[in-house]
Amino acid sequence: MKLKNITQSEFIDIFGLEGLELIEGYDCDLLVIDNATTIAIGGNIAFSAFVAPIVYTGETEATRVLVVNYEAFLDGLPSHLRFSKAYVRKAARAQLVHERTHVKQMMDGRLIHDGGTTYWEGVEQVVTGTVTAEYFNSPWEKEAYLNQFMYEMNCGPEEAEKEIALVVAKCLAA
C-alpha cells in the first residue's frame, strides 16, 4: 500500500506500528482526508475503499484507493473514548481491516465497481448506498465485517458473527 499524502510516522501516529503490518502487501493507495476535503465518494465517510480517478499533485490516476477521514472517524467515537490513544488506534485498525478486505476483494476481481454498477463475483448487484439490511447482507460487506470483528474481538468467526448480528439489529432498529 502506498501512503499518498501522509508520512509513515503520521500513519503510525494514527494506527500504531501494527497498522503498518495490516496494510503490507495490499495494492492500493492510502489517502488521508479531512472534513473540508471533498472527493467523489459523497457524504462524510470515515473510511472507504473504492476505485476512482484521484488527483495527486496535478496528476490523475485511476487506482484502488483506501480513504481515511480521520476527523469523521473521531467524530463518530463516543467523546469520552477519544482521549484514549490505545482505544482510538485499535478502533482505527479495525476499520482499516474492514476496508482492507474490500481492497483484497477488488485485487482478486471478486468486487468490481464499474461506474455506478457493482459486481460481486461477476454478478451485477443492486447497491443503494444506504445502511439497510440489504447493505449488511451483501456478500462483500459480510466478509469485511467478519474480518473486522474477528480482528477487533480477537476471536473466531462464530463469535464474531454473533456480535455482528447484535450490532446489525441495533443499527437497523435505530
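1. Start with phenylalanine 136. In this predicted model, phenylalanine 136 has a relative accessible area of 9%. Buried means under 20%, so this residue counts as buried. Tyrosine 145 is buried as well.

2. Phenylalanine 136 and tyrosine 145 also form an aromatic pair. Their ring centres are 5.6 Å apart. The planes make an angle of 45 degrees, and the pair is classed as tilted.

3. Now look at tyrosine 135. Its relative accessibility is 24%. That value lies between the 20% and 50% limits, so tyrosine 135 is partly exposed.

4. How many aromatic pairs are there? The count is six. One of them joins tyrosine 135 to phenylalanine 136. Here the centres are 5.0 Å apart, with 70 degrees between the planes. Planes over 60 degrees apart count as edge-to-face, so this pair gets that label.

5. Step back to the cluster. Ring pairs tie together Tyr135, Phe136, Tyr145 and Phe149.

6. Next, the helices. Helix 4 covers residues 85–107, and helix 6 covers residues 139–153. Their axes come within 8 Å and cross at roughly 145 degrees. Is the crossing left-handed or right-handed? For helix 4 and helix 6 it is right-handed.

7. Which residues make this contact? From helix 4 they include Lys90, Ala94, Val97 and His98. From helix 6 they include Trp140, Tyr145, Gln148 and Tyr151. Sorted by class, the contact of helix 4 with helix 6 has six nonpolar, seven polar and five charged residues.

8. Follow lysine 90 to tyrosine 151. The charged end of lysine 90 sits over the tyrosine 151 ring. The distance to the ring centre is 5.2 Å. Both residues are listed in the contact between helix 4 and helix 6.

9. Glutamine 148 belongs to helix 6. Is glutamine 148 buried or exposed? Its relative accessibility is 6%, so it counts as buried. Leaving out neighbours within four places in sequence, glutamine 148 contacts Ala94, Gln95, Val97 and His98.

10. Finally, asparagine 5. Where is asparagine 5 found? It lies in the loop between strand 1 (2–3) and helix 1 (8–15). With a relative accessible area of 42%, asparagine 5 is partly exposed.

11. Asparagine 5 and valine 32 are 27 residues apart along the chain. Their C-alpha atoms are separated by 6.5 Å. Not counting residues up to four places away in sequence, asparagine 5 touches Leu30, Leu31 and Val32.

Key
Residues are numbered from 1 along each chain as its sequence is written. This is a predicted model: local features need pLDDT of at least 70, side-chain atom pairs count only at pLDDT 80 or more; totals for chains, interfaces and linings use all residues. Side-chain values use heavy atoms; hydrogens and water are left out. Rings of Phe, Tyr and Trp (its six-membered ring) pair if their centres lie within 6.5 Å; planes under 30 degrees apart count as stacked, over 60 as edge-to-face and the rest as tilted. Buried means under 20% relative accessible area, exposed over 50%, partly exposed in between (1.4 Å probe, protein chains only). A charge sits over a ring if NZ of Lys or CZ of Arg is within 6 Å of the ring centre and within 35 degrees of the ring normal. Axes are lines fitted to C-alpha atoms, for helices over the stretch in contact, and angles run from 0 to 180 degrees between N-to-C directions. Helices (H or I, at least four residues) and strands (E, at least two) are DSSP runs, numbered from the N terminus. A crossing is left-handed if the near helix is turned anticlockwise from the far one by less than a right angle, and right-handed if clockwise. Contact means heavy atoms within 4.5 Å. Ala, Val, Leu, Ile, Met, Phe, Trp, Tyr, Cys and Pro count as nonpolar, Asp, Glu, Lys and Arg as charged, and the others, Gly among them, as polar.
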